[in-house]
Amino acid sequence: MAIKKVYVVGAGLMGAGIAQVAATAGYQVTMRDINDEALDKGMKTIEKSLGKFVEKGKVPEDTAKSALANLKTTKEMSDASDADLVVEAVFEKIELKQEIFMALDEITGPDCILATNTSAISITSIASVTKRPEKVVGTHFFSPVPMMMLCELIYGLQTSTETMEAAKAWAEDIGKETVVVNKDVAGFIANRVGLAMSGMAIDVVAMGVATPQDVDKTMKLGFAHRMGPCETADLTGIDVLMNAMKAIYNETQDERYWPPELMQRMVASGLLGRKTGKGFYDYSSGKQEPYWEL
Ligand SMILES: NC(=O)c1ccc[n+]([C@@H]2O[C@H](COP(=O)([O-])OP(=O)(O)OC[C@H]3O[C@@H](n4cnc5c(N)ncnc54)[C@H](O)[C@@H]3O)[C@@H](O)[C@H]2O)c1
């Protein structure tokens with residue numbers, strides 16, 4: 001079935017980004033949140049982002065205008081009734097996501113694909129509350145969605161190949177590069193690999209082997225990474241990373257994902273990275289300055 005109408009649940013950071021890229025690519029998009037404040041905030045984010053793309057000459061003004069014309073907002077779940085694809089991007093809570101998927105299963109037509117943007121919850125457990133697990137798929141976008149090229153597509157245990165192919169074609173049509181995750185494992189590809197590396201990088205700092213600056217420099221100059229693991233951790237939030245590692249550890253009991261003691265102490269003392277002004281680096285001057293001495 002051709003995807004024309006897209007319904008996005010959640011107008012936060014990710015939902016608004018997904019709605020924006022889909023509307024820019026010409027899809028009719030309805031974005032749902034629970035109150036006007038969240039919807040207004042989502043729309044403002046989209047308008048600002050489109051404005052910047054136009055300013056930089058990356059999106060023609062006409063395209064930005066039609067993107068906005070392609071977008072509607074709603075507080076009603078029932079507006080999902082004519083959607084061909086739903087992308088869910090609400091808080092990372094399994095009970096909330098399951099409640100939404102149960103409702104969507106009732107409201108949407110039988111051919112509608114139900115996708116989730118979860119970063120860590122199993123696709124299979126979200127699909128399990130529906131009567132159409134073959135139509136449920138993971139579409140894991142990265143933040144900020146309009147800038148980041150990747151969409152990880154994840155098979156749940158019962159996702160059909162047809163659903164995966166339709167989701168992949170849609171993600172590519174809205175301008176993303178895709179990777180297919182063939183098994184619904186904790187962390188998918190990105191977090192499974194990325195978090196193991198973050199843990200190792202923090203261990204190296206904790207052991208006094210090298211400063212965060214030298215760990216980052218090694219990965220940037222030695223492996224052509226655009227950012228080093230310590231500065232990435234500061235950007236993501238040390239607490240966010242720690243919770244993500246614990247989530248993988250809890251599922252796999254794989255000790256590579258047990259958050260290093262240094263990480264736990266940093267969280268306990270509020271060294272969470274950019275958002276608190278200090279983490280592996282000091283941001284209090286407005287610039288990224290070294291903070292750790294060995
Ligand atoms: N932030 C990231 O970098 C990132 C990256 C990849 C994936 N994700 C995943 O994307 C999802 C959303 O994350 P986010 O950062 O956009 O969160 P966010 O907090 O910015 O937005 C979540 C939105 O969902 C809304 N919401 C809550 N209950 C709702 C409901 N019943 N119906 C409709 N809307 C509802 C909230 O009001 C809020 O606006 C999470 O599953 C997260 O793990 C986040």
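Where does Gln 253 lie? I found Gln 253 in the loop between α10 (238-252) and α11 (261-268); helices (H or I, at least four residues) and strands (E, at least two) are DSSP runs, numbered from the N terminus.

Basis of the entries. I worked on a predicted model, where local features need pLDDT of at least 70, side-chain atom pairs count only at pLDDT 80 or more, and totals for chains, interfaces and linings use all residues. Residues are numbered from 1 along each chain as its sequence is written, and side-chain values use heavy atoms, with hydrogens and water left out.

Entry, backbone. I looked up phi for Gln 253 and noted a positive value of about 55 degrees, although Gln 253 is not a glycine. Gln 253 counts as exposed because its relative accessibility is 53%; the classes are buried under 20% relative accessible area, exposed over 50%, and partly exposed in between (1.4 Å probe, protein chains only). I then turned to Phe 188, also not a glycine, which has a positive phi of about 50 degrees. Phe 188 sits in the loop between β8 and α7 (190-206). Phe 188 is buried, because its relative accessible area is 3%.

I also checked a peptide bond: the one from Ser 143 to Pro 144 is cis, with omega near -10 degrees. Pro 144 belongs to the loop between β6 (136-141) and β7 (150-155).

Entry, domains. I read the bounds as domain 1 (5-181) and domain 2 (191-277); such bounds come from an automatic or database domain assignment. The centres of the two domains, taken over C-alpha atoms, are 29 Å apart.

Entry, surface patches. I list a patch where residues have over 30% relative accessible area and no salt bridge, with like charges joined within 9 Å and nonpolar side chains (Val, Leu, Ile, Met, Phe, Trp, Tyr) within 5 Å. A salt bridge is a side-chain nitrogen of Lys or Arg within 4 Å of a carboxyl oxygen of Asp or Glu. Accessible areas come from the Shrake-Rupley method with a 1.4 Å probe; for residues, only the protein chains shown count as cover.

Which residues form the nonpolar patch? I noted Val 179, Ile 189 and Val 193, with about 220 Å² of accessible area together. Val 179 is in strand β8 (residues 177-181) and counts as partly exposed because its relative accessibility is 31%.

For positive charge (Lys and Arg count as positive, Asp and Glu as negative; His and the chain ends are not counted), I found Lys 48, Lys 52, Lys 56 and Lys 58 gathered in a surface patch. The place of a charge is taken as NZ of Lys, CZ of Arg, CG of Asp or CD of Glu. Lys 56 is in the loop between α2 (36-55) and α3 (61-69), and counts as exposed because its relative accessibility is 59%.
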